[in-house]
Amino acid sequence: MISENLKTVRENIIKACERAGRNPADVTLLAVSKKKSESDILEAYNMGQRVFAENYVQELTEKMDSLPRDIKWHMIGHLQRNKVKYVAGRVEMIHSVDSLRLAEEINSFSLKKGIVTEILAEVNVAAEENKFGFTPDEVEEFALKASDLPAIRLTGLMTSAPFVTDPEENREIFIKIRNLCVDINKKSIDNVIMKKLSMGMTGDYVVAVEEGATHVRVGTAIFGTRS
Ligand SMILES: *Cc1c(COP(=O)(O)O)cnc(C)c1O
């Protein structure tokens, strides 16, 4: 019932935009298809879904190679430096940039290819031990350094809020991330304009949209649970 699920998620996003006085066109729904089959992806594709996100490089490249060319792919999983070459230039955006060394590798690969790669900085707002990402304190320094790397463009922040039963518990986190973007923009760093907020998953995307998410990453609510 992927098509029904997708409809419901889209409607929920529109309603959240109405409550928040936002334009639904400013919110991109990323269908998170990790561990899901190509036929599942095609079912969503046939409902008009064109933007998908994956976590694992090999799975991502295999799906890219066999699925329709007009799909836009986003990388949202932890990325090792030695795998940058498989991803940069092939995805619309890398959401999960969690270190300067990774950003430098994306920059040098992109320079060689003559491209500019759009990235987000992953922020571990709740400072959870098992999660990747910069602490909120580290983001500004990272933005300053990213500003000097000519073949990457840092355009926003990404976060995965903790798993909670009541999504209201994550509202504070989404507000914090949004404010972090505002603070960094006030510094007027060259080449860095924070306008994208990748936040909100199956459990909390409605609250994330209410708090300004421009990209929500929804898997389970569209494709069902993963084995
Ligand atoms: C798996 C994953 C998602 C989607 O999670 P759901 O709870 O299934 O919606 C979103 N973001 C990241 C980084 C993920 O790894």
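This is a predicted model: local features need pLDDT of at least 70, side-chain atom pairs count only at pLDDT 80 or more; totals for chains, interfaces and linings use all residues.
Q: Where do polar atoms of the protein lie relative to oxygen atoms of the ligand?
A: A polar contact is read from a pair of N or O atoms within 3.5 Å. On the side-chain part, a polar atom of Asn 55 is 2.6 Å from a ligand oxygen, and a polar side-chain atom of Thr 220 lies 2.5 Å from an oxygen atom of the ligand. Gly 219 takes part through its backbone, with a polar atom there 2.8 Å from an oxygen of the ligand. As for cover, the ligand has 390 Å² of accessible area on its own, of which the protein covers 87%.

Q: Which pocket does the ligand sit in?
A: The ligand is placed in the largest pocket.

Q: How many disulfides does the count come to?
A: Since a disulfide requires two cysteine sulfur atoms within 2.5 Å, one looks at the sulfur distances, and the count here comes to zero. Cys 17 is in no disulfide, the nearest cysteine sulfur being that of Cys 181, 17 Å away; Cys 181, likewise, is in no disulfide.

Q: Are Cys 17 and Cys 181 buried or exposed?
A: Buried means under 20% relative accessible area, so Cys 17, at 0%, counts as buried, and Cys 181, with 5%, is buried as well.

Methods. Residues are numbered from 1 along each chain as its sequence is written. Side-chain values use heavy atoms; hydrogens and water are left out. A polar contact is a pair of N or O atoms within 3.5 Å; within protein, one must be able to donate a hydrogen and the other to accept it, and residues adjacent in sequence count only if both atoms are side-chain atoms. Accessible areas come from the Shrake-Rupley method with a 1.4 Å probe; for residues, only the protein chains shown count as cover. On a 1 Å grid over the protein atoms alone, a cavity is a set of points where a 1.4 Å probe fits but cannot get out, and a pocket is an open set with protein on both sides within 12 Å along at least five of seven lines; lining residues have an atom within 4 Å of a point. A molecule sits in a cavity or pocket if more than half of its atoms lie within 2 Å of its grid points. Buried means under 20% relative accessible area, exposed over 50%, partly exposed in between (1.4 Å probe, protein chains only).
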